[in-house]
Amino acid sequence: MASATLATATGAALKSRRRMGGWVWALPPVAVLAVVFLYPLSLVVQQSFRPDTGGTSLTPYADVFASAAFREALGTTVWLAVGSTAGCLVLGFVLALIIAFVPFPGGRAVAKSIDVFLSFPSFLITLALLFVYGQVGMANGLWTAVTGAPAGPFQFLTTPWGVLLAEITYFTPFVMRPLLAAFSGVDTAQLEVASSLGARPARIVRQVILPEALPALAAGGSLVLVMCLNEFGIVLFTGAKGVTTLPMLVYSKAILESDYPGACVVAVVNVLVSVGLYGLYRMVSHRVGTNRGTQGVTSRAGA
């Protein structure tokens with residue numbers, strides 16, 4: 001009895017020491033995070049409650065929320081981010097399928113080049129699109145040279161659709177990279193068995209490949225969603241004057257208007273929208289993954 005009590009006490013002491021050791025190792029990164037990220041963020045939040053007239057009030061929030069420019073920027077930011085994420089998921093999934101399962105010369109080189117593409121700055125991709133589809137780009141130049149028209153028909157880069165195209169072009173590899181990693185773990189024997197049993201490619205993709213790809217899609221999609229919500233360079237370099245997102249509005253208020261409380265309010269809203277949509281996306285992805293897993297278990301049990 002005494003030995004059992006001693007063993008219990010010793011185990012509790014060891015657990016306590018391990019917890020204390022864990023806290024000791026966790027303190028340095030938490031301190032660095034607090035200094036580098038949390039403290040500047042707290043300053044932004046504090047400034048958002050301090051109007052230029054002095055004191056502390058909700059006046060900056062009331063002024064910003066009453067602004068039509070803010071409401072338009074909020075709507076533009078959300079629909080561009082959601083649309084870009086959807087486009088990246090569809091295009092990235094198709095391209096990853098082709099690279100992973102369709103043999104063609106240079107497939108490995110293309111897969112490795114995706115890592116290089118991820119290192120490119122966003123404005124570089126936008127600049128490349130301007131060279132091709134800009135007002136004085138190659139496509140419009142070729143059109144005017146052939147038809148003799150004073151201007152080419154490709155004028156969409158300065159519209160929201162141009163921003164959407166640029167974001168999908170730039171962020172699609174961020175979806176492809178985790179998908180290719182997931183596809184590398186797919187057992188090709190399952191695909192061969194399904195094909196030998198008469199399953200068509202679309203059914204194989206839907207029932208065999210897609211369930212394996214859902215976690216990678218969730219990871220890539222959530223990353224793209226957050227990055228699109230906070231993208232600044234692509235919108236700026238497309239020259240889309242009629243497209244104002246929340247990051248562009250922060251820049252406009254802080255640099256052009258010197259309205260620092262208003263800029264901080266927009267920044268705080270941008271952070272809240274990013275975290276909220278990210279959480280919603282992860283929750284939906286988790287539910288979809290859970291439902292897929294449940295259906296898979298049920299179908300195997302039935303078989």
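Mentor: Start with one term: a contact means heavy atoms within 4.5 Å. This is a predicted model, where local features need pLDDT of at least 70, side-chain atom pairs count only at pLDDT 80 or more, and totals for chains, interfaces and linings use all residues. Residues are numbered from 1 along each chain as its sequence is written, and side-chain values use heavy atoms, with hydrogens and water left out.

Trainee: What share of the contacts with a separation of 6 or more comes from residues 24 or more positions apart?

Mentor: In this protein, 72% of them.

Trainee: How many helices and strands does the protein have?

Mentor: Elements are DSSP runs, numbered from the N terminus: helices are H or I with at least four residues, strands are E with at least two. Here there are twelve helices and zero strands.

Trainee: Take Thr-77. Where does Thr-77 lie?

Mentor: In helix α3, which spans residues 68-101. Thr-77 counts as buried because its relative accessibility is 2%.

Trainee: Which residues is Thr-77 in contact with, leaving aside neighbours within four places in sequence?

Mentor: Leu-229, Thr-245 and Leu-246. The Thr-77 side chain also reaches the backbone nitrogen of Leu-246, at 2.8 Å.

Trainee: How many cavities of 30 Å³ or more does the count come to?

Mentor: First the general idea. Rolling a probe the size of a water molecule over the atoms shows where empty space is left. On a 1 Å grid over the protein atoms alone, a cavity is a set of points where a 1.4 Å probe fits but cannot get out; lining residues have an atom within 4 Å of a point. Points are joined across faces, edges and corners, and the volume is the space filled by probe spheres set on them. By this rule there is one cavity of 30 Å³ or more. The largest cavity holds about 40 Å³ of space.

Trainee: Which residues line the largest cavity?

Mentor: Thr-77 is one of them; the others are Thr-76, Leu-80, Ala-81, Glu-167, Cys-228, Leu-229, Glu-231, Val-235 and Thr-245. Helix α3 gives the most to this lining, with four residues. Both α3 and α9 (201-229) supply at least two residues each.

Trainee: How does the lining divide by class?

Mentor: Ala, Val, Leu, Ile, Met, Phe, Trp, Tyr, Cys and Pro count as nonpolar; Asp, Glu, Lys and Arg as charged; the others, Gly among them, as polar. The lining has five nonpolar, three polar and two charged residues.

Trainee: How many salt bridges does the structure hold?

Mentor: A salt bridge puts a side-chain nitrogen of Lys or Arg within 4 Å of a carboxyl oxygen of Asp or Glu. The structure holds two. Glu-257 pairs with Lys-253, with the closest N and O atoms 4.0 Å apart. Asp-259 pairs with Lys-253 at 3.8 Å, N to O. Shared partners join Lys-253, Glu-257 and Asp-259 into one network.

Trainee: Is Lys-253 buried or exposed?

Mentor: Lys-253 counts as buried, at 12% relative accessibility. Glu-257 is partly exposed at 48%, and Asp-259 is partly exposed at 22%.

Trainee: What is the phi of Ser-258?

Mentor: About 55°, a positive value although Ser-258 is not a glycine. Ser-258 lies in the loop between α11 (246-256) and α12 (260-302). Ser-258 is partly exposed, with a relative accessible area of 42%.

Methods. Buried means under 20% relative accessible area, exposed over 50%, partly exposed in between (1.4 Å probe, protein chains only). A polar contact is a pair of N or O atoms within 3.5 Å; within protein, one must be able to donate a hydrogen and the other to accept it, and residues adjacent in sequence count only if both atoms are side-chain atoms. On a 1 Å grid over the protein atoms alone, a cavity is a set of points where a 1.4 Å probe fits but cannot get out, and a pocket is an open set with protein on both sides within 12 Å along at least five of seven lines; lining residues have an atom within 4 Å of a point.
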